[in-house]
Each structure stands twice: as C-alpha cells, then as structure tokens.
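Please work through the exercises below with the model in view, and try each task on your own before you read its solution.

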Amino acid sequence: MIQVENLTKAFGPKVAVDDVSFSVQRGEILGFLGPNGAGKSTTMRMITGYIPPTAGVVKVGGNDVTEKPIEAKRLMGYLPESAPLYTDMTVEGFLGFCAEVRGIRDADKSKAIDRAIDMCFLKSVRHQSVDTLSKGYRHRTGFAQAIIHDPDILVMDEPTDGLDPNQKQEVRSLIRRMGQSKAIIFSTHILEEVEAACTRAIIIDQGKVVANGTPNELKAKSELANSYTVSVSGTEAALVRDKLGSVIQSSKVTIVNDKPPTVVARVFPKSADGEGELGRAIFDIASQNNWKVSEIKKEEGRMDDIFRNITLPDTQAQ
Amino acid sequence: MKSIWTITKRELAGYFNSPVAYVFLVIFLLMTGAFTFLIGQFMDRNQATLQAFFMWHPWIYLFLVPAVGMRLWSEERRLGTMELLLTMPISLWHCIIGKFLASWLFLTLALVMTFPIWITVNYLGDPDNTVIVASYIGSFFLAGAYLSITSMTSAFTRNQVISFILSVVICLFLVLCGWPPVTDVVEPLAPRWIVEFVAASSVMTNVEQFNNGQIDSRAVIYFLSVIGFPLFATSVIIRGLRA
C-alpha cells in the first residue's frame, strides 16, 4: 500500500532524511522508531504529501504522492505530531468539516462522525469546543479526524504522546484492531509500544534506516538475546564467575548483582543457543557445586538495548 | 467547487464563533457613520450624493481589512493546522480561494449593513442611484484588493501583528501613490510618465472611477489583477514554506 523508494530530504546543507526505502502492506503495522530529530516526522510529512521530497518517490496505493497528490491523499488518514486542531470549533463541527473536505456529505457525514466518535470515545465531549478539551481528548479528536473516512492507510506521528497510561493502552489497542485491515505507520520513541502494537519496526537514525524487522528479530540482535540470568545462593560471586565461565558454550559471564547470600550472574552464549544447551550446562554446574538456584531465565533481548546500541554512539558524538 | 465552499463555510463560522465579527461590524459601522457625518459634513453639503460616505472607504479599510484578514494563514501556521489542511485531498488553490472568499463575504456583509445611509439619502433627496451602486461595487473591489494583500502577508508569518502591519504598509503605498497631495509633491521630481504610471496603479485613481458612477473595464481589470496577484503570491509563499 505504501512504497517509499530512496526518499531523501535536505533542508539546505542539512540532510534530514537520507535515502530511506521501505514498504508497508495491508495488515501491517509499522513502528517508526528513532531518537528525536532522527527524521521520523520529516519522512511522514513526505509520505502524506505535506512537504515535497528532495529526491526519491513515495507511492500510496500506486499513486505517486508528488504527481497525483489528491488521489494519494484520499487514501490516507494522517495524525500530525501534537495533533493540531481548529480550536474555535466543537468536536462534532471539526469532524464534520474534515469529513466534508474529504467529500463525505449529508447522511454519510453524520454516520462517519458517529463512527469516529464511538471509536475514539469522544461521546462525552461531542458538543464541547476544542479549546476547552484536555490533552487526551484533543489527541483523540485528532485521531478521530484521521479515521473519519475509514482510510486504507493511516499515518500517525506519535499517536500516544502526552496521553496517560490508560489512554495509551486504549490507543494502542485501537491501532492493533485497525491494523488488521489497514496499512499503518506510526512513529514513537516508546519502545514498549513497538512490542505491544507493531508487526514490524524500522529504526531510523540521522535520516538513515539502521534496522528493519519484526520486533522479535530486532530483539534477537540485542546483546542480551539468548543470555541466561541466574540467581543462586550459598556461594560467592568470584566462584560463580569462575565456574560458569568454564562452561564451553559460554563466551562471557558478568555479575549483575552481588548481595550475599544471593548472587545474580548473566551468562552470554558463544553462538545462538537454540537447543538450550547453555541452560542445561548451567544447571549441571549449579548442582555439582550445591548452589541453590532461585531463578534462571533466558533473555529474549530487549528493544531498548538494541535501540541504544544502534543510536547512542551518534547521540554522544554530538 | 464543493471543497472551496466547505473551507469558506468553516472560515466564516470562525468569524462569528468569536467576538471578532461583532466587534468588527460595530466599529466599521461607527467609523463609516462618524466619517460621513462628522468629518465629511454629509448634512452641510446639502447634496443628494453619498460622496461623503464613499470617499473615506480607502482610509477606513486601510486598518479594518487587514484586521479581518490577518489571521487567514498565520493562524493556520501558529496552530499547526496547516499541516492538517494541506494533507487533505484538496488543492492548495481551493484552500486559498476558500479562505479569501470567506473574508470577502464577511466584508461584503459589513458593506451591505451600511444600507441605512442609502435609504437616508433617498429619503432626503433624489440621488443618482446608479452612481451609488457603482460606488458600492468599487468599495467591494477595494475591500477585495486589500484583503488579497493581507492574505499574502498572513502567509509570510505566524504572527498576526506582523501580518497586520505589513499589510497596512503595502495598502498604504497603494493608496498614497495615487493620492493628489503625494503625487503633487513627486511630480516635479520625476518624469511625467513615471508619475502617471505609478498614479494609475493606485487604488485611489481606480476607485475614483467607480465613485464617479462609471464601471470602467480598465478599473475592473485593475482590481481583478490586484486581487489575483497577491493570491498567486500566497500560493508561492505557502509552497516555499514546505520546500
């Protein structure tokens, strides 16, 4: 549904988006990750036709956004960053305006408004003026505007920014539900969100795509992936490190926590440990030495870990 | 066309949802009345014309029209709704024209509300109503010309005050370059054809035609171009903002 090919945007000498390519199909929810200023919003603005690209092509439902902007925009719903709204209108009036601009009129219009208000839980503020709304309601009104025409494609710039935890949860489940039948792109810098809602994630840094995969694939790239965290008691940290370090399958052992009598150690595998051999070896060592194992856990890898590893060196360099 | 009307409707409702519309209408009517009767000496003239009424319009509009139009685009920029509007499936031209028409309609409403003075002059005497109609048309075009300039200046900036001041300055130039007290001073300093050319591009010279009761095609074309060019410039500025 969305095809981005070699997209580049330069503001004067500064290259905000540098040769970015990806595509999103129906049924996919693509999480767009990156530190602040990485080029997420700029990319989304080019996809939605707000700013023209310096180079590259964006195709939405087969329509080139630069050449056939109206056709492409018709297929999309867009929630810009910080959800701008006309503050002098009521929620209903605003949604009605958005519907009319999109060519939805008369009976269809009131149906569309009802549907969007229902989906975004806006019933209680329906007749309220936008400038009296709280941030959460404003955001949901922006969201309602983006789905007013039941678009095939949704582009959302930080849809959960500024919401409280319950509202974040609601918006995420809304995105998941709609993702079954639409192509969705949303940007965020909240990593748990990607795991909770996305089928695929792209990490962008300094305008370039630095990682692209399912949340599980990305997590597997993390250093922590496939390592074991072991909590034992009845021994000493140095001994634990020596003994576990002697296991053939392990590459490195670190002591995470040493609060007698409990020692928490992390054992990293030499290679991807599919069969759980490292885990068995750790158990064997523990029983040979009469350690009391209170917990042993295989790490899946963490999103924030991979995110930091990929993007931190640049942030520090600045 | 329907999308233009949707934009126009929203913009018009925007005026009436806030005190702006009412404050403007009251002040406009008070000012036109005050200028006509107190400064223009409408009664003492003892003439069945509305000259004393229309002669002030270029000056009253100078401040009131930019006040009406200054928010057209700067407000969109300030609120960030420009991003919303321009990612909707409508062309930039529809947005520009829709917004411009809304303000123009609003100013037309204000102009229509001055009808009691027309009734007054018809009650007191026997005026030439074709001259009055022509003058109203001239005043309508004049408002459109100032407004179009304000649309352009409001696209420049997210600050309404800057938009207002820039617009007043440009409109003032268009007034002064054809206003006899100014042209008389410049006349000895520059070749005659330059002075005449500049004076011919003033709103004063052109609105004068209407006030004399003539609907001259040149004056109509003049106003249409003074409306068209700044609207075109508005589109260039907005495209430039996004590049």
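**Exercise 1.** Determine the handedness of the crossing of helix 5 of chain B and helix 8 of chain B, and then work out how the two helices are oriented to each other.

*Solution.* In this predicted model, the crossing of helix 5 of chain B and helix 8 of chain B is right-handed. Next, take the geometry: the axes of helix 5 (residues 57-69) and helix 8 (residues 92-112) of chain B come within 10 Å and cross at roughly 140 degrees. Angles over 145 degrees would count as roughly antiparallel and those from 65 to 115 as roughly perpendicular, and the two helices are therefore oblique to each other. Turning to the residues, helix 5 of chain B contributes B:V65, B:V68 and B:G69 to the contact, while helix 8 of chain B contributes B:S103, B:F106 and B:L107. Sorted by class, the residues of this contact of helix 5 with helix 8 of chain B divide into four nonpolar, two polar and no charged.

**Exercise 2.** Describe how helix 10 of chain B and helix 11 of chain B cross, and sort the residues of their contact by class.

*Solution.* Begin with the axes of helix 10 (residues 129-156) and helix 11 (residues 160-176) of chain B, which come within 8 Å and cross at roughly 140 degrees. That angle makes helix 10 of chain B oblique to helix 11 of chain B, and the crossing of the two is right-handed. On the side of helix 10 of chain B, the contact is made by B:Y146, B:I149, B:T150, B:T153, B:S154 and B:F156, and on the side of helix 11 of chain B by B:S163, B:L166, B:S167, B:I170 and B:C171. Sorting these residues gives six nonpolar, five polar and no charged.

**Exercise 3.** Decide how helix 3 of chain A is oriented to helix 5 of chain A, and find the residues through which they meet.

*Solution.* The axes of helix 3 of chain A and helix 5 (residues 135-146) of chain A come within 9 Å and cross at roughly 25 degrees. Because angles under 35 degrees count as roughly parallel, helix 3 of chain A is roughly parallel to helix 5 of chain A. Helix 3 of chain A passes helix 5 of chain A in a right-handed crossing. From helix 3 of chain A, the residues A:V91, A:F94, A:L95 and A:C98 meet A:T141, A:A144 and A:Q145 in helix 5 of chain A. By class, this contact of helix 3 with helix 5 of chain A has five nonpolar, two polar and no charged residues.

**Exercise 4.** Which element of chain B gives the most residues to the side that touches chain A?

*Solution.* First consider the contact as a whole, in which 19 residues of chain B are in contact with 20 residues of chain A. Two elements of chain B give two or more residues to this side, namely helix 1 (2-17) and helix 7 (81-85). Helix 1 of chain B gives the most, with five residues. The residues on this side of chain B divide into seven nonpolar, nine polar and three charged.

**Exercise 5.** Find where confidence is lowest and highest in chain A and in chain B.

*Solution.* Chain A averages a pLDDT of 85, and 96% of its residues score at least 70. Within chain A, confidence is lowest in helix 11 (residues 303-317), at a mean of 65, and highest in helix 3 (residues 91-101), at 95. Where pLDDT is low, the predicted coordinates should not be read in detail. Chain B averages a pLDDT of 90, with 100% of its residues scoring at least 70. In chain B, confidence is lowest in helix 3 (residues 42-45), at a mean of 76, and highest in helix 8 of chain B, at 95. For the complex, the predictor gives an ipTM of 0.88 and a pTM of 0.85.

Methods: Residues are numbered from 1 along each chain as its sequence is written. Chains are lettered from A and ligands numbered from 1 in the order in which they are written. This is a predicted model: local features need pLDDT of at least 70, side-chain atom pairs count only at pLDDT 80 or more; totals for chains, interfaces and linings use all residues. Axes are lines fitted to C-alpha atoms, for helices over the stretch in contact, and angles run from 0 to 180 degrees between N-to-C directions. Helices (H or I, at least four residues) and strands (E, at least two) are DSSP runs, numbered from the N terminus. A crossing is left-handed if the near helix is turned anticlockwise from the far one by less than a right angle, and right-handed if clockwise. Two residues are in contact if their C-beta atoms, placed from the backbone, lie within 7 Å. Ala, Val, Leu, Ile, Met, Phe, Trp, Tyr, Cys and Pro count as nonpolar, Asp, Glu, Lys and Arg as charged, and the others, Gly among them, as polar. pLDDT is the predictor's confidence in each residue, from 0 to 100.
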